[in-house]
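I opened my notebook and took the chains one at a time. Here is what I looked up.

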Amino acid sequence: MRVTQGAFSFLPDLTDDQISRQVAYCLDRGWAVSVEFTDDIHPRNTYWEMWGPPMFDLRDPAGVMVEVRACRDANPNAYIRVNGFDSTRFWEAVRLSFLVQRPKYEPGFALERIKGKGRTTHYQIRAYATERPEGERYTNGKTERRA
Amino acid sequence: MTMDRPAATAGFETDAQQAIDLKALRAETDIDALLEELDRELVGLAPVKRRIREIAAFLLVARARERLGLQSEPPTLHMAFTGNPGTGKTTVALRMAGILHRLGYVRKGHLVSVTRDDLVGQFIGHTAPKTKDVLKRAMGGVLFIDEAYYLHRPENEKDYGQEAIEILLQVMENQRDDLVVILAGYKDRMDTFFASNPGFRSRIAHHIDFPDYSNEELFAIAQRFLEDGHYHLSPAAQAALIDYIAKRRAQPNFANARSIRNAFDRARLRQAQRLCERSGVVSREALQTIEAEDIRASRVFNDEIS
């Protein structure tokens with residue numbers, strides 16, 4: 001099941017050139033761009049791992065692309081996203097966030113029904129991938145590294 | 001990545017084209033305006049200006065060749081500026097960034113000026129992130145490394161400078177499209193630096209030597225400072241300034257245009273002091289005029305100290 005989180009997620013995956021143009025858009029507006037990755041893709045997981053601190057004072061997307069590539073090499077089977085943080089007073093928030101890598105195989109989510117008191121039913125979703133321990137998710141049991 | 005390149009392809013077809021109008025290409029990149037500005041605004045530096053014109057012509061021809069499908073390898077643009085302090089290396093680097101931007105060899109055309117302290121860390125593992133951070137900031141523009149030879153400390157083989165050099169070399173080689181590196185410093189020390197780091201020498205295409213300014217050029221530079229600050233010299237002060245330049249040159253720590261700017265700043269202080277002591281009404285003329293005594297009071301004229 002294809003995960004749709006962040007901007008552009010209903011479009012085909014962005015090419016590096018397209019990513020670089022989106023980053024250029026962020027930098028032109030003075031946003032700090034950061035790279036984050038995770039292998040726990042639950043929509044409520046807001047704590048992704050930071051790939052280095054956010055990058056300030058950049059003028060050109062080439063600097064961000066260096067980090068995106070480095071992060072992909074180190075985490076070939078993780079979700080990676082790029083965030084543009086706007087520090088302008090009263091915004092002070094992430095203005096743009098989009099995926100720049102997803103695992104080759106995305107097992108999707110299980111919907112669980114939890115019986116409550118009486119005849120009430122609660123629902124929860126759980127990513128199949130998180131059944132396995134960290135680092136072994138999205139790998140079909142084998143640890144594979146990108147060459 | 002070709003985005004943000006100002007050189008548009010309007011009017012040029014790349015298919016089976018046999019000729020290209022260099023003049024049109026020149027006009028399109030608007031490079032002449034920048035070169036003329038360089039000529040007009042910088043005093044002296046004739047050999048430097050000539051070299052920059054050469055480089056600009058070379059890059060323009062490289063662009064034309066590329067349009068006709070003749071060139072596959074982009075030209076190496078890293079440069080070394082050598083010369084004494086105050087000879088205009090930083091100023092020219094700033095202009096260079098503009099020229100490279102107009103010709104479409106760097107995407108943004110900004111200049112990031114750093115020294116050893118900005119690149120080299122203080123403990124193990126500190127250098128690489130620091131250097132990479134600076135490189136990322138410089139991407140799309142020009143990285144200007146002042147006194148680059150301090151990166152290499154031959155007396156200490158554990159020095160972290162070597163780590164910074166290796167990262168720099170790697171990026172200079174692999175990301176030539178993304179940034180241009182300019183190394184600057186004294187001529188003799190740069191030569192020693194290059195001799196012990198052959199990797200740098202082979203990756204730098206253009207070596208530009210900045211000559212010292214002559215006394216007349218320094219005087220012309222002083223005139224520029226004065227004009228920009230809306231001051232002028234009385235005739236006696238002009239003679240004093242000519243004496244000052246001749247004397248200052250012979251003294252230690254002479255830094256060409258920088259010494260002149262400092263002298264101007266101190267003369268302004270003395271002028272202000274003189275005007276304040278003489279209480280009463282000061283004319284517009286008096287506020288603008290620097291007198292001979294403002295310059296003659298300098299310790300440069302005091303032979304005992306020097």
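My entries follow, grouped by topic.

**Entry 1: what kind of model**
I noted at the start that this is a predicted model.

**Entry 2: chain B as a whole**
I began with chain B. I counted its secondary structure as 14 helices and seven strands. I then looked up its extent. Along the principal axes, the C-alpha atoms of chain B fill a box of roughly 75 × 55 × 30 Å. Next came burial. Chain B has 306 residues, and 33% of them count as buried. I also checked how far apart in sequence the contacts of chain B reach. I took the contacts between residues at least 6 apart in sequence, and 78% of these join residues at least 24 apart.

**Entry 3: two helices of chain B**
I picked helix H6 (residues 127–138) and helix H7 (residues 161–174) of chain B. At what angle do they pack? I found about 35 degrees, with the axes 9 Å apart. The crossing of H6(B) and H7(B) is right-handed. Then I listed who makes the contact. H6(B) brings B:Thr127, B:Ala128, B:Thr131, B:Lys132 and B:Leu135. H7(B) brings B:Glu163, B:Ala164, B:Ile167, B:Leu168 and B:Val171. Sorted by class, the residues of this contact are six nonpolar, two polar and two charged.

**Entry 4: B:Arg95**
I moved on to one residue, B:Arg95. I found B:Arg95 in helix H4 (residues 89–102) of chain B. Why does B:Arg95 count as partly exposed? It has 19 C-beta neighbours inside 10 Å, and a residue is buried only from 20 or more, and exposed at 12 or fewer. I also traced B:Arg95 to B:Val142. They are 47 residues apart in sequence, yet 11 Å apart in space, C-alpha to C-alpha.

**Entry 5: the sheet of chain A**
I turned to chain A. In what order do the four strands of its open sheet lie? I read S2-S1-S3-S4, with antiparallel pairing. Strand S2 (49–50) and strand S4 (93–101) of chain A are the edge strands, and each pairs on one side only. I looked more closely at one pair. Strand S1 (residues 32–38) and strand S3 (residues 79–86) of chain A pair in the antiparallel sense over seven bridges. I also looked up a facing pair: A:Ser34 stands opposite A:Asn83 in S3(A). I wrote a reminder beside this: strands of a sheet pair through backbone hydrogen bonds, either parallel or antiparallel.

**Entry 6: two positive phi values**
A reminder first: most residues other than glycine have a negative phi. I noted two residues with a positive one.

- A:Phe90 is not a glycine, but its phi is positive, about 80 degrees. A:Phe90 lies in the loop between S3 and S4 of chain A. A:Phe90 is exposed, because 6 other C-beta atoms lie within 10 Å.
- B:His230 has a positive phi too, near 60 degrees. I found B:His230 in the loop between helix H10 (215–228) and strand S6 (232–233) of chain B. B:His230 is exposed, because 8 other C-beta atoms lie within 10 Å.

**Entry 7: where the chains touch**
I ended with the two chains together. How many residues of chain A are in contact with chain B? I found 12, and they meet 12 residues of chain B. On the chain A side, helix H1 (16–28) and helix H2 (62–74) each supply at least two residues. The largest share, four residues, comes from H1(A). By class, this side of chain A has five nonpolar, two polar and five charged residues.

Terms used:
Residues are numbered from 1 along each chain as its sequence is written. Chains are lettered from A and ligands numbered from 1 in the order in which they are written. This is a predicted model: local features need pLDDT of at least 70, side-chain atom pairs count only at pLDDT 80 or more; totals for chains, interfaces and linings use all residues. Two strands pair if DSSP finds at least two bridges between them. Two residues are in contact if their C-beta atoms, placed from the backbone, lie within 7 Å. Ala, Val, Leu, Ile, Met, Phe, Trp, Tyr, Cys and Pro count as nonpolar, Asp, Glu, Lys and Arg as charged, and the others, Gly among them, as polar. Axes are lines fitted to C-alpha atoms, for helices over the stretch in contact, and angles run from 0 to 180 degrees between N-to-C directions. A crossing is left-handed if the near helix is turned anticlockwise from the far one by less than a right angle, and right-handed if clockwise.
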